[in-house]
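User: Hi! Could you walk me through this structure? I'd like to chat about the fold and then the interface.

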There are 2 protein chains.
Amino acid sequence: MAAIPESALAAWRLLLGPARVLTAGAELARYAASTSANPVQPLAVLRPESHGEVVAIVRSAGEFDIPLYPLSTGRNWGYGDACPTGEGQVILDLGGMNRILEVNAELAYAVLEPGVTQAQLAGHLAQLNLPLWMDCTGAGPDTSLVGNILERGFGHTPYGNRMLHVSGMRLVLSSGDTLETGFGHFSHATAAHIYPYGVGPWLDGLFTQSNFGIVTSLGLWLMPRSEVVSHAIASVAGFEDIAQVVDALRPLRMDGTLRSVVHIGNDLRVLSGGMVFPQALAPDGPPLTQSVLAALRKRSGIGAWTVSAALYGRKAQVADARRAIRRAIGKLARLQFLDDRALALGGAAARTLGDSALGRKLSAQVALGRSLLNMNRGLPDGRFLSGAYWRRRGGLPQGFPDGADPARDGCGMMWLAPVLPMRGSDLLQVHSLAAPLFARHRFDLFATYSMVNERSLGGVLTICFDKEDAAETVRAHDCYGAVFERLMAEGYIPYRVGPQSMAALDNGHDSYWRTVARIKAALDPQHLIAPGRYEPR
Amino acid sequence: MAAIPESALAAWRLLLGPARVLTAGAELARYAASTSANPVQPLAVLRPESHGEVVAIVRSAGEFDIPLYPLSTGRNWGYGDACPTGEGQVILDLGGMNRILEVNAELAYAVLEPGVTQAQLAGHLAQLNLPLWMDCTGAGPDTSLVGNILERGFGHTPYGNRMLHVSGMRLVLSSGDTLETGFGHFSHATAAHIYPYGVGPWLDGLFTQSNFGIVTSLGLWLMPRSEVVSHAIASVAGFEDIAQVVDALRPLRMDGTLRSVVHIGNDLRVLSGGMVFPQALAPDGPPLTQSVLAALRKRSGIGAWTVSAALYGRKAQVADARRAIRRAIGKLARLQFLDDRALALGGAAARTLGDSALGRKLSAQVALGRSLLNMNRGLPDGRFLSGAYWRRRGGLPQGFPDGADPARDGCGMMWLAPVLPMRGSDLLQVHSLAAPLFARHRFDLFATYSMVNERSLGGVLTICFDKEDAAETVRAHDCYGAVFERLMAEGYIPYRVGPQSMAALDNGHDSYWRTVARIKAALDPQHLIAPGRYEPR
């Protein structure tokens with residue numbers, strides 16, 4: 001590993017001031033912390049606070065020939081966290097660029113820098129008292145919106161297919177040039193943040209899951225506040241019962257009755273929201289046996305699968321959507337609808353029951369429902385991070401979810417994210433490919449399948465492991481590799497990967513990756529920006 | 001202009017057979033016909049019928065160093081038609097590649113070659129009796145779906161933002177390499193046509209409005225058939241009254257009540273659907289005076305502006321949408337709803353009235369309503385092309401709209417397509433910038449503003465001129481240039497342009513176009529594919 005030239009550090013200290021150039025071992029180690037236990041130490045960390053500073057850093061990095069690894073807040077949990085793609089890189093931490101540059105109430109968009117967090121934008125909209133909501137993911141309040149979008153993440157609302165709600169990026173290219181996409185590069189453009197494509201080639205997609213440029217701001221569309229929000233929860237008892245439900249819901253997702261991203265979680269996915277691995281029930285460690293799982297399902301009153309979908313609209317629209325859902329799956333699943341009124345009633349009942357077992361259970365359910373409805377309205381909640389702590393020694397940290405950070409809290413977790421056709425048979429197929437491999441490697445299988453658009457499911461299979469157990473960590477990586485390979489072979493390709501899998505995306509004869517390499521060479525001939533990131537060759 | 005080497009023609013004749021290599025003057029002239037009266041003659045026309053033939057042609061074009069200008073059906077009316085971007089190019093006419101490669105009924109998509117026309121896909125879906133509809137434009141039955149999508153055109157339905165309903169392109173690059181976007185390049189990929197982005201940089205946008213590759217097929221999503229279709233028609237009497245209507249409809253477009261592309265046409269846009277320029281009323285030629293226009297509006301029972309919007313869904317959804325529209329604009333506009341029942345009643349009444357003036361008027365209105373409802377269901381109709389014939393000597397051709405082809409029929413027409421924020425004030429502003437320039441150059445101003453997404457209006461301002469009148473033709477070009485320049489200066493940038501405006505998109509200091517040029521050099525260093533197309537430098 002090459003050391004960093006003192007002259008480069010001196011130049012950056014001059015530019016940013018010494019406090020925003022991090023080189024101390026302990027500071028760098030914080031960035032190298034990773035849930036996947038593949039820590040990669042950066043050479044240094046630079047913390048610019050403006051587009052101009054990014055331009056200056058990129059220019060000097062070119063002079064010193066030091067690659068930069070840009071990150072927003074570095075909370076890419078399960079997919080490599082803040083870790084650079086390789087040794088010898090300097091992290092460009094854009095977390096200090098956290099201005100909300102514009103909010104347009106009339107046309108419902110905001111222009112954000114990469115450091116703007118979910119909590120920050122939600123708070124800002126609340127403070128302005130605007131009838132606008134943002135889309136929210138379950139990754140918690142402190143995660144970056146821009147970072148997630150550039151990884152093509154998904155949220156929970158009708159704006160959950162986040163890629164489709166971006167208009168107008170501003171970037172720094174490796175030449176130091178500033179690039180504005182869409183109409184933004186025309187002077188006085190009136191439609192830069194409301195019409196994404198501009199005129200000429202539409203470039204935005206090029207700067208997602210790539211290393212072609214450094215995004216320093218983008219326009220993000222906001223949802224108009226909805227008169228009614230209702231949350232449908234459906235559960236099925238048996239494992240295979242979910243297939244029919246998927247097939248029955250597909251037409252409703254396709255015809256716009258279900259406009260939000262519908263999430264389908266297995267029992268463990270739901271259970272892990274309220275507990276960590278129950279060592280007392282399974283002294284030999286994971287996986288939990290079927291009988292323990294059955295007992296836990298029974299205790300929590302959940303089924304093998306839980307479907308969660310938010311409904312938005314005027315009263316009549318939501319009522320009609322409820323009827324349509326009931327017609328479609330009322331006989332296939334246990335179905336209930338949460339809304340503010342139901343939660344208020346539940347809360348009152350819980351208070352009446354007081355500190356009894358039933359009272360506590362109801363109270364917890366009401367709190368969960370409240371969190372779900374908040375998410376639907378764009379209010380982030382850290383509680384959905386708890387699954388990451390499943391195998392953590394010591395369980396959830398004090399004060400969870402405040403300040404929760406699975407990477408720095410020492411959680412072991414890796415995500416596999418295959419995309420599949422929105423068909424019950426494909427869901428069962430993916431599950432039946434993965435389950436034996438999880439079992440063989442002795443891990444519990446957490447699974448979510450989300451209706452990320454009208455035709456496909458985005459799967460997230462989670463491997464949780466005890467990072468302090470070296471053997472379990474090795475097994476986790478083996479398990480990940482085996483499942484990854486098996487799913488790829490069957491045509492279930494991931495929508496997103498961590499650095500450990502980027503090389504495996506190319507079979508060596510793929511003209512797609514050859515094309516990507518050509519574009520990289522044209523835009524960043526010196527390979528200054530995140531070399532190796534979504535760049536298998 | 002360089003002549004084409006005989007060896008190249010010989011090679012192509014060997015490859016395609018002589019019948020698919022066109023070199024005769026009359027044949028080439030057909031391709032050079034253009035509504036904008038800037039005909040550019042190709043050197044030759046090649047008509048491949050398969051992806052493999054395209055690969056072979058591209059390879060040989062590289063050897064002979066002859067640029068290719070690909071087109072689908074060549075019906076890019078108002079934006080240059082089939083004309084190459086410059087002299088010395090060979091047209092690659094993909095019209096013969098017109099296979100519907102796949103229709104997936106369950107996941108609702110089709111895979112199309114570039115030659116597949118609107119009528120062809122609509123007919124195919126009807127023949128299969130599938131509960132699926134395609135999105136339709138008003139450009140008529142014989143236009144290419146792929147061609148329109150690659151120009152980022154818009155239709156009329158909830159799938160009218162066509163760019164968002166494409167998944168998985170197959171292309172030939174100038175190297176002769178085949179590129180599959182999305183997941184398509186992975187073997188056995190199950191989600192190639194249902195999840196557009198794939199993993200790694202999302203490249204699809206790069207191949208729209210560009211010259212980086214030749215698309216030989218793409219996956220297009222189809223709409224599920226809707227239980228109810230209703231068509232809202234609203235009209236306002238006064239010119240400025242439209243502003244409030246736009247502002248009142250914006251929240252409904254944004255909250256998903258209006259999911260389809262809403263079109264707002266001015267009086268002339270509507271009138272030109274049923275007549276050509278009334279020489280008798282205006283012997284000095286265009287523009288029509290305000291008093292003649294007022295009389296025509298009165299005769300046809302239309303206002304200064306007409307809003308046209310399709311509603312889809314179950315009965316309760318459509319009923320709720322109607323109520324919401326009525327609440328929003330019921331007091332601002334004259335509002336009516338068309339549906340099959342209303343048309344059946346209207347048709348019966350027209351038959352009762354028989355061949356009276358009133359009967360004929362009603363009968364024409366019912367026919368128009370039927371065409372609109374058909375378009376909403378993806379059945380193309382040539383009647384919406386009639387506006388192009390406004391200034392054509394001899395008016396509409398015999399048998400119109402069968403086989404209508406404004407370019408070959410000698411129509412003079414150019415389109416200006418500024419994008420503007422979806423606000424009444426912006427619509428009035430664009431109109432007030434354009435109107436005096438149209439008047440000064442003595443042209444009627446046809447205008448449509450379409451709610452192409454939830455936040456912006458796509459304007460189409462049409463200049464119709466008599467191509468047989470040399471002076472009027474010069475004036476038309478002057479008018480086009482003046483309006484183009486004025487709108488650009490005020491930040492109303494076009495979403496799409498004809499070849500005459502591509503150079504004007506770059507001020508010479510724009511890093512966007514510099515980036516585009518770098519990508520072009522990387523993917524097509526020999527400038528083999530459509531040189532100059534959306535490539536100002």
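Analyst: Happy to! Of the 537 residues in chain A, 63% count as buried, where buried means under 20% relative accessible area, exposed over 50% and partly exposed in between (1.4 Å probe, protein chains only). This is a predicted model, in which local features need pLDDT of at least 70, side-chain atom pairs count only at pLDDT 80 or more, and totals for chains, interfaces and linings use all residues. Residues are numbered from 1 along each chain as its sequence is written, chains are lettered from A and ligands numbered from 1 in the order in which they are written, and side-chain values use heavy atoms, leaving out hydrogens and water.

User: Thanks. What does the secondary structure of chain A come to?

Analyst: Chain A has 14 helices and 19 strands; helices (H or I, at least four residues) and strands (E, at least two) are DSSP runs, numbered from the N terminus.

User: Now the interface. How many residues of chain B are in contact with chain A?

Analyst: On chain B, 90 residues are in contact with 90 residues of chain A, contact meaning heavy atoms within 4.5 Å. The two chains bury about 7,500 Å² between them, 59% of it on carbon and sulfur atoms; that is the accessible area (1.4 Å probe) that two parts lose on being put together, summed over both.

User: And how many salt bridges between chain B and chain A?

Analyst: The count is 12 salt bridges between chain B and chain A, each a side-chain nitrogen of Lys or Arg within 4 Å of a carboxyl oxygen of Asp or Glu. B:Arg518 forms one with A:Asp177, with the closest N and O atoms 3.8 Å apart.

User: Which helix gives the most to the side of chain B that touches chain A?

Analyst: That's α14(B), with 10 residues.

User: Switching topic: where do A:Glu49 and A:Arg20 lie?

Analyst: Their side chains meet in a salt bridge (3.6 Å, N to O). A:Glu49 is in the loop between β2 (44–46) and α3 (51–64) of chain A, and A:Arg20 in the loop between α1 (6–16) and β1 (21–22), so the pair ties together parts 29 residues apart in sequence.

User: Is A:Arg20 buried or exposed?

Analyst: A:Arg20 counts as buried, at 16% relative accessibility, while A:Glu49 is partly exposed at 39%.

User: Last one: what about B:Arg250 and B:Asp247?

Analyst: Both lie in helix α6 of chain B, three residues apart, about one turn of the helix.
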